[in-house]
Amino acid sequence: MWLASFKFNLPWTLHHKKGDHETLIDINKAKPINYPKPDGIYTFDKLNSISLSNIGHDANQPCHLKLSNQEIPITYNYPKYNSPEQRYCPAGVYEIIKEGDSVKLQINSQNCIHCKTCDIKDPKQNINWVPPEGGSGPIYSKM
Ligand code: SF4
């Protein structure tokens with residue numbers, strides 16, 4: 001777009017051959033990444049980053065992260081990718097809870113910062129982000 005202001009256009013477009021949700025690596029082929037701990041000066045942990053994003057949500061609103069199929073997170077995402085939603089969500093909204101032999105996905109929708117990554121990245125396209133109720137989201141007037 002900015003090139004158009006110089007009346008100049010590139011003669012090509014870069015295309016992706018696969019959808020982003022098709023690029024995940026099976027858990028048994030993936031190597032863990034050891035990220036350095038946040039220093040609190042230039043890098044921050046998830047909870048502090050959520051606070052910096054200045055998002056407000058109405059209390060007790062319905063979950064705005066809809067699963068088309070309730071089973072897929074545990075029957076497919078968990079065994080195949082160790083639940084990638086635990087890692088790609090920048091706000092830690094998706095948590096795997098283990099109690100004895102049972103495993104379940106907990107969605108902490110009140111922490112959502114509305115980046116829509118889950119809607120794009122879920123391997124089975126099972127997560128549908130919809131706008132939260134009551135105009136919740138970034139509090140621009142306080143930024
Ligand atoms: S839109 Fe999805 S990935 Fe982004 S913060 Fe909310 S739950 Fe996490």
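Lys80 and Asp26 form a salt bridge, with the closest N and O atoms 3.0 Å apart; a salt bridge is a side-chain nitrogen of Lys or Arg within 4 Å of a carboxyl oxygen of Asp or Glu. This pair links distant parts of the chain, 54 residues apart: Lys80 is in helix 2 (residues 72-81) and Asp26 is in the segment before helix 1. Helices (H or I, at least four residues) and strands (E, at least two) are DSSP runs, numbered from the N terminus. Lys80 is partly exposed, with a relative accessible area of 26%, and Asp26 is also partly exposed, at 23%. Here buried means under 20% relative accessible area, exposed means over 50%, and partly exposed lies in between (1.4 Å probe, protein chains only).

The model is predicted, so local features need pLDDT of at least 70 and side-chain atom pairs count only at pLDDT 80 or more, while totals for chains, interfaces and linings use all residues. Residues are numbered from 1 along each chain as its sequence is written, and side-chain values use heavy atoms, with hydrogens and water left out.

The structure holds three salt bridges. Another of them joins Asp20 and Lys121, whose closest N and O atoms are 2.9 Å apart. This pair also links distant parts of the chain, with Asp20 in the segment before helix 1 and Lys121 in helix 4 (residues 117-121), 101 residues apart. Asp20 is partly exposed at 42% relative accessibility, whereas Lys121 is buried at 15%. Lys116 and Asp119 also meet through their side chains in a salt bridge (3.9 Å, N to O). Lys116 is partly exposed, with a relative accessible area of 36%, and Asp119 is buried at 16%.

Thr23 lies in the segment before helix 1 and is partly exposed, with a relative accessible area of 38%. The side chain of Thr23 reaches the backbone oxygen of Asp20 at 2.7 Å. A polar contact of 3.1 Å joins the side chains of Thr23 and Lys121. A polar contact is a pair of N or O atoms within 3.5 Å; within protein, one must be able to donate a hydrogen and the other to accept it, and residues adjacent in sequence count only if both atoms are side-chain atoms. The C-alpha atoms of Thr23 and Lys121 are separated by 8.9 Å, although the two residues are 98 residues apart along the chain.

Leaving out residues up to four places away in sequence, Ile127 touches Lys66, Leu67, Tyr88, Tyr94, Cys118, Asp119 and Asp122, where contact means heavy atoms within 4.5 Å.

His64 is in the loop between strand 1 (55-56) and strand 2. His64 is buried, with a relative accessible area of 2%. Not counting residues up to four places away in sequence, His64 touches residues including Ser109, Cys112, His114 and Trp129.

The last stop is the surface. Trp12 is found in the segment before helix 1 (46-52) and is exposed, with a relative accessible area of 53%.
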